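Good morning, and thank you for coming. I would ask you to look at the structure on the screen while I describe how its parts are arranged.

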Amino acid sequence: MFEAIGGIILKFLICGDINAGKSTLIKKLEPLTGKEPKGYITVRMPDDEKGCSYVYLYDRTSPPEDIRTAAVIMRFAPDRSGEKHPELLDTLGVQYLENIPEGSLVILDEIGTLESASPKFQQAVMKILSGNYDVLASVKAQNTDFLRQVRSHPDCELFIITPGNRDELFEQLKARMGV
């Protein structure tokens with residue numbers, strides 16, 4: 001159905017649990033496309049000295065030198081309570097997905113549960129998934145309406161990653177890309 005590089009669009013959705021290797025696999029596949037990546041990245045940083053953990057969002061085309069200068073979309077306290085900022089997905093996240101030229105490689109790392117409260121961001125993601133773009137996306141394994149909609153998108157291929165299959169999956173996707 002999809003072939004990489006040779007002019008036909010590829011859209012890989014990498015789905016798995018936390019620490020299964022979704023983002024790492026995308027980082028390994030990205031340079032094999034030969035395209036300058038667009039899109040966004042989310043990164044969860046380990047607990048700081050106060051025991052808080054933060055999830056940052058930034059534009060893939062201009063990664064910050066210091067991740068702590070990126071937008072904080074979630075903060076988790078030591079007791080695991082936290083604060084979430086879905087409105088940043090509807091503003092910054094949408095901005096990172098706008099005006100991307102057709103045929104570009106779009107990185108969506110990661111599509112998760114916070115998006116359930118971000119309707120504009122959901123629309124932007126679905127536009128990318130339906131459009132003329134190569135896509136490498138990591139998708140959380142949780143079940144929300146939006147995550148189910150993403151995973152069942154008819155233009156995309158869904159691959160399940162686990163710690164046990166991630167090396168084999170890399171080789172499979174590399175072959176799928178014709179590399």
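What you see is a predicted model. I begin with strand 8, residues 157–160, where Glu157 and Phe159 make up the covered face, while Leu158 and Ile160 lie on the uncovered one. In a regular strand, the side chains alternate between the two faces of the sheet.

Strand 8 runs parallel to strand 1, residues 11–16, and four bridges join the two. Within this pair, phenylalanine 159 of strand 8 has isoleucine 14 opposite. Strand 1 also pairs in the parallel sense with strand 7, residues 134–140, over six bridges. There, leucine 13 is placed opposite alanine 137 of strand 7.

Eight strands make up an open sheet of mixed pairing, in the order 5-4-3-2-6-7-1-8. Strand 5 (82–84) and strand 8 are at the edges with a single partner strand each, so one side of each has no neighbour in the sheet. From one strand to the next, the twist averages 20°.

Which helix does helix 2, residues 86–97, approach within 8 Å, axis to axis? The partner is helix 3, residues 119–130, and the axes cross at roughly 20°. The two helices are therefore roughly parallel to each other, and their crossing is left-handed. Residues of helix 2 including Leu89, Val94 and Leu97 meet residues of helix 3, among them Phe121, Val125 and Ile128. By class, this contact comprises eight nonpolar, one polar and two charged residues.

Technical notes
Residues are numbered from 1 along each chain as its sequence is written. This is a predicted model: local features need pLDDT of at least 70, side-chain atom pairs count only at pLDDT 80 or more; totals for chains, interfaces and linings use all residues. Side-chain values use heavy atoms; hydrogens and water are left out. Buried means under 20% relative accessible area, exposed over 50%, partly exposed in between (1.4 Å probe, protein chains only). Two strands pair if DSSP finds at least two bridges between them. Axes are lines fitted to C-alpha atoms, for helices over the stretch in contact, and angles run from 0 to 180 degrees between N-to-C directions. Angles under 35 degrees count as roughly parallel, over 145 as roughly antiparallel, 65 to 115 as roughly perpendicular and the rest as oblique. A crossing is left-handed if the near helix is turned anticlockwise from the far one by less than a right angle, and right-handed if clockwise. Contact means heavy atoms within 4.5 Å. Ala, Val, Leu, Ile, Met, Phe, Trp, Tyr, Cys and Pro count as nonpolar, Asp, Glu, Lys and Arg as charged, and the others, Gly among them, as polar.
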